[in-house]
There are 2 protein chains.
Amino acid sequence: MKNIFIASTSTIHGSGYLDYILDDLKVFFKDAETILFIPFARPSGISHDHYTEKVSNAFSKINIKTHGIHTFENPIEAVKNAEAIFVGGGNTFVLTYQLYKNNLIDILKKVIKNGTPYLGTSAGSNICGLTIKTTNDMPIIYPPSFSALALVPFNINPHYMDPDLNSKHMGETRETRIHEFHNFNTPPVIGLREGSWLKVEGHSIILKGSLTARVFEYNKAPYEVKPETELNYLK
Amino acid sequence: MKNIFIASTSTIHGSGYLDYILDDLKVFFKDAETILFIPFARPSGISHDHYTEKVSNAFSKINIKTHGIHTFENPIEAVKNAEAIFVGGGNTFVLTYQLYKNNLIDILKKVIKNGTPYLGTSAGSNICGLTIKTTNDMPIIYPPSFSALALVPFNINPHYMDPDLNSKHMGETRETRIHEFHNFNTPPVIGLREGSWLKVEGHSIILKGSLTARVFEYNKAPYEVKPETELNYLK
């Protein structure tokens, strides 16, 4: 049974890394003594070691030991044997490129579908969707595909932002960008604001946190859904 | 001799489409009675016909007749025979996908290097760089490559925005994104603010408009350059 925690962000303004969800993660990872961390997204270009150290500091607060996947000789075996998995934020293109390069897409899908608890934040949440086509990141490296883990039957847009009505900037709003996505793709998109997450348990997909999320369905006006809404009707 | 006008945006806040550069375009396109418009980037999913109509209305003010490339049976011949070319903004991935699909990359490079005057705005400016890896757009379609026209020896970041120091949003700033680009790529990037453009004449590349631009070179601190700066030292 799937057991997935899809968070918009690792960090909310004015609080430490993973702090705002640490109590929930303690429950979510209650059966795990160790977690396999995948540092491939490298926010600000941080090294795999430094990123793993940062994550290790956070997970030590809930008595979980962190192992970076880059320290294993065989990353596929590391995924197979993991008690729990965390994929952190950074650049979604770099993350996707590295997952394909290390042949990790299929094995990740398999173990997560079979119940290995998975936490994603930001880029690590983007890859839970059907494709990475609704990432906000800069395409700094060319991955062999935009197809992602497809753990949920829609796409994620993390760090969702409402249009700034006072802005004089002429770049596209997030809503315009997702509207453009729907000119070429039909799957729904969930705009997850910072502080929100999706909790997937088997076939159930529930919006968590205190904020509403914005749902974009093909050929429909976008709409808000409240916390605790069951989202498994989307496809 | 190359003759290229690379604009950050088509439109500045509070003014009509192309209005802020129309006087300059009149001079730039002084020898052209017609312009070939490439509407592939489809901002907000606008149709090729509607987009061409919008452009046609703007160019009619400076007595230039607009032809959409989608109305030609042979787009490669249309590029070869064009007196002048304009590639408008929208989604850079959609634009790039369509340019490859229509086999237009090589012929565009060739005619522009041979002197056909070229105007790009936003997505149409992104493709003047080495790659589209510094676009701000959402990757809503998977192009066969991120390589672009390479008309200048660096990358463009149009609609460049300074960090908002009051923001509580945790998504990456533009500067952070470009810094991440330089973890995987070495070419310089020019952050062109809305209202700025680059004027390329042969080997000369001059910053135009009233604003400074931000230059990001590999392994160097970013810096500002003033209008009228010659940028052909970058590579």
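In this predicted model, A:Thr229 touches A:Ile205, A:Ile206 and A:Leu207, leaving aside residues up to four places away in sequence. A:Thr229 sits in the segment after strand 11 (223-225) of chain A. Its relative accessibility is 22%, so A:Thr229 counts as partly exposed; the limit for buried is under 20%. A:Leu198 is 31 residues from A:Thr229 in sequence, yet the C-alpha atoms of the two are 9.9 Å apart in space.

A:Leu198 also has a place in the strand pairing of chain A. It stands opposite A:Leu207 in strand 9 of chain A. A:Leu207 is one of the residues that A:Thr229 touches. Strand 8 (residues 197-201) and strand 9 of chain A run antiparallel and are joined by five bridges. In general, strands of a sheet pair through backbone hydrogen bonds, either parallel or antiparallel.

These strands belong to an open sheet of seven strands in chain A, with the order 3-2-4-5-1-8-9. The pairing in this sheet is mixed. Strand 3 (65-68) and strand 9 (204-208) of chain A stand at the edges. Each has a single partner strand, so one side of each is left without a neighbour in the sheet. Neighbouring strands of this sheet are turned by 20 degrees against each other on average, direction ignored.

A further open sheet in chain A has four strands, in the order 6-7-10-11. Its pairing is also mixed. Here the edges are strand 6 (155-157) and strand 11 of chain A. Both have a single partner strand, so one side of each lacks a neighbour in the sheet. The twist averages 30 degrees from one strand to the next. Strand 6 and strand 7 (residues 189-191) of chain A run parallel, joined by three bridges. Within strand 7 of chain A, A:Val189 stands opposite A:Asn155.

Strand pairing was also examined in chain B. Strand 8 (residues 197-201) and strand 9 (residues 204-208) of chain B pair in the antiparallel sense over five bridges. B:Val200 has B:Ile205 in strand 9 of chain B as its bridge partner. The two strands form a hairpin with two residues between them. In this hairpin, B:Gly202 takes a positive phi near 60 degrees. Strand 2 (residues 34-38) of chain B is mostly covered, with four of its five residues buried. Strand 2 pairs with strand 3 (residues 65-68) of chain B in the parallel sense, over four bridges. B:Lys65 in strand 3 of chain B is the bridge partner of B:Thr34.

Helix 4 (residues 92-101) of chain A is largely enclosed by the rest of the structure, because seven of its 10 residues are buried. The buried residues are A:Thr92, A:Phe93, A:Val94, A:Leu95, A:Thr96, A:Gln98 and A:Leu99. Their cover includes strand 2 (34-38), strand 4 (85-87), helix 5 (105-113) and helix 6 (123-126) of chain A.

Nonpolar side chains tend to be buried together in soluble globular proteins. The largest nonpolar core of this model has 106 residues. Those with the most contacts inside it are A:Ile85, A:Leu198, B:Ile85 and B:Leu198. Residues touched by A:Ile85 include A:Phe29, A:Ile35, A:Leu36, A:Ile38, A:Val79 and A:Leu108, not counting residues up to four places away in sequence. A:Thr116, A:Pro117 and A:Tyr118 are also among them.

Aromatic rings form 25 pairs over all chains. One of these is edge-to-face and joins B:Phe5 and B:Phe28, at 5.4 Å centre to centre with 65 degrees between the planes. B:Phe5 lies in strand 1 (residues 3-7) of chain B and B:Phe28 in helix 1 (residues 22-28) of chain B, so the pair ties together parts that are 23 residues apart in sequence. In chain A, one aromatic cluster includes A:Phe5, A:Tyr20, A:Phe28, A:Phe29 and A:Trp197. A:Phe29 is also touched by A:Ile85.

Finally, the two chains were compared. A rotation of 180 degrees superposes chain A on chain B, with 0.0 Å of shift along its axis and an RMSD of 0.0 Å. The two copies are thus related as by a two-fold rotation axis. The same surface serves both copies, as 100% of the contact residues of chain A recur in chain B.

How values were computed: Residues numbered from 1 in each chain as written. Chains lettered and ligands numbered in written order. Predicted model: local features only at pLDDT ≥ 70, side-chain atom pairs only at ≥ 80, totals over all residues. Heavy atoms only, no water. Phe/Tyr/Trp six-rings, centres within 6.5 Å; stacked < 30°, edge-to-face > 60°. Buried < 20%, exposed > 50% of the residue type's maximum accessible area, 1.4 Å probe, protein only. Contact = heavy atoms within 4.5 Å. Pairing = 2+ DSSP bridges. Least-squares fit on C-alpha atoms with pLDDT ≥ 70 in both. Core = buried A, V, L, I, M, F, W, Y, C linked by side-chain atoms within 4.5 Å. Axes fitted to C-alpha atoms, helices over the stretch in contact; angles between N-to-C directions.
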